Amino acid sequence: MLNYITWTVDPVLFSFGPLSVRWYGLMWAIGFLIGYSIISRVYKNEGISEEDTEKLFMYMLIGTVVGARVGDCFFYHWDYYKDHPFDVIKVWNGGLSSHGGACGILLVLWYYSKKVVKKNFLWVMDRIVLPVAVCGACIRFGNLMNHEIYGHATDVPWAFEFITNIHGWMNGAEPIFSPPSHPTQIYEMLYCLTTFGIVSILYWKTDVKKNEGFIFGVFLICVFFTRFCLEFIKNNQESFEETMFFNMGQLLSLPLIIWGVWLIVRAIPNLLKKEE
């Protein structure tokens, strides 16, 4: 039986002169490419043009990156960015928020649904959650490779020791390890992949997609309720969260959980009618 895993993976996959390819950026790219393949198949099934599929990819890319960056600055580092607003654009300094990315996606897809594909917003969301779930798993893999966003100390046999001085270690310093901790990045990868399996079955194998918003509601519950629960064993990302009963990730998840419950409850009468 393992006592713990000492995680010493370099966040940089390879370097070419002054340029470096990091696992985190690569996993974002892979997530979007896999997502594009999935949504292309879905849109082809729905008779949506390739042009509209390509536009969706661009809208999603912009909404995710801009939303994730602005969300991190606003939700987690407002004390700094309110005095340095132009530093928001310095994405190379790091800092992306999954909840901010979700907000960015919602905003651009609302516009996309009205102006491009001309479908109901919930119709679009019921389909876009398939690639989003896969992309979420890829991003959390990137977090694992970055030695970040891990959990509390634990004695479970699959615990990981992460390098806490990752930047110093990459510049030649001796590594400083965390105590054996929950690899919550892996837990989040697993719930994203499980969610992908569930929403894929609902879309491809059932007729529930005719009840607009139901699949999206299931996605919100699977992802954000699980995220809410998992936050109890994750280390807080910022010091101000130490005095909070629910941390920022949990507070931002609550509206999405409530929305998911409402969408499912809203669809139940129609689902029951079809069974009669």
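Residues are numbered from 1 along each chain as its sequence is written, and side-chain values use heavy atoms, with hydrogens and water left out. Because the model is predicted, local features need pLDDT of at least 70 and side-chain atom pairs count only at pLDDT 80 or more, while totals for chains, interfaces and linings use all residues.

**Exercise 1. The overall layout**

Find how many helices and strands the protein chain has, and in which order they come.

Solution. Start with the terms: helices (H or I, at least four residues) and strands (E, at least two) are DSSP runs, numbered from the N terminus. The protein chain has nine helices and four strands. Next, read along the sequence: the pattern is β-β-β-α-α-α-α-α-β-α-α-α-α. Finally, look at burial, where buried means under 20% relative accessible area, exposed over 50%, and partly exposed in between (1.4 Å probe, protein chains only). Of the 276 residues in the protein chain, 47% are buried.

**Exercise 2. A hairpin**

Work out how strand 2 and strand 3 run relative to each other, and which residue stands opposite Phe-14.

Solution. Two strands pair if DSSP finds at least two bridges between them. Strand 2 (residues 12–16) and strand 3 (residues 19–22) are joined by four bridges and run antiparallel. Across from Phe-14 you will find Val-21 in strand 3. Now look at the turn: two residues sit between the strands of this hairpin, and Gly-17 takes a positive phi near 65°.

**Exercise 3. Cysteines**

Solution. A disulfide is a pair of cysteine sulfur atoms within 2.5 Å. The structure as a whole holds zero disulfides. As a further step, check burial: Cys-138 is buried at 9% relative accessibility, and Cys-222 is buried at 18%.

**Exercise 4. Two threonines**

Describe the surroundings of Thr-64 and Thr-184.

Solution. Take Thr-64 to begin with. This residue belongs to helix 2 (residues 50–76) and is buried, at 8% relative accessibility. Its side chain reaches the backbone oxygen of Met-60 at 2.7 Å. Contact means heavy atoms within 4.5 Å; setting aside residues up to four places away in sequence, Thr-64 touches Trp-28, Phe-32, Gly-101 and Ile-105.

Now turn to Thr-184, which is in helix 7 (residues 184–205). Its relative accessible area is 0%, so Thr-184 is buried. The side chain of Thr-184 reaches the backbone nitrogen of Gly-151 at 3.4 Å. Apart from neighbours within four places in sequence, its contacts include Ile-149, Tyr-150 and Leu-230.

**Exercise 5. Asn-247**

Locate Asn-247 and find which side chain it meets in a polar contact.

Solution. Asn-247 lies in the loop between helix 8 (214–230) and helix 9 (248–275). With 4% relative accessibility, Asn-247 counts as buried. A polar contact is a pair of N or O atoms within 3.5 Å; within protein, one must be able to donate a hydrogen and the other to accept it, and residues adjacent in sequence count only if both atoms are side-chain atoms. The side chain of Asn-247 makes such a contact with the side chain of Glu-231, at 2.8 Å. Last, compare positions along the chain: Asn-247 and Phe-228 are 19 residues apart, and their C-alpha atoms are separated by 9.2 Å.
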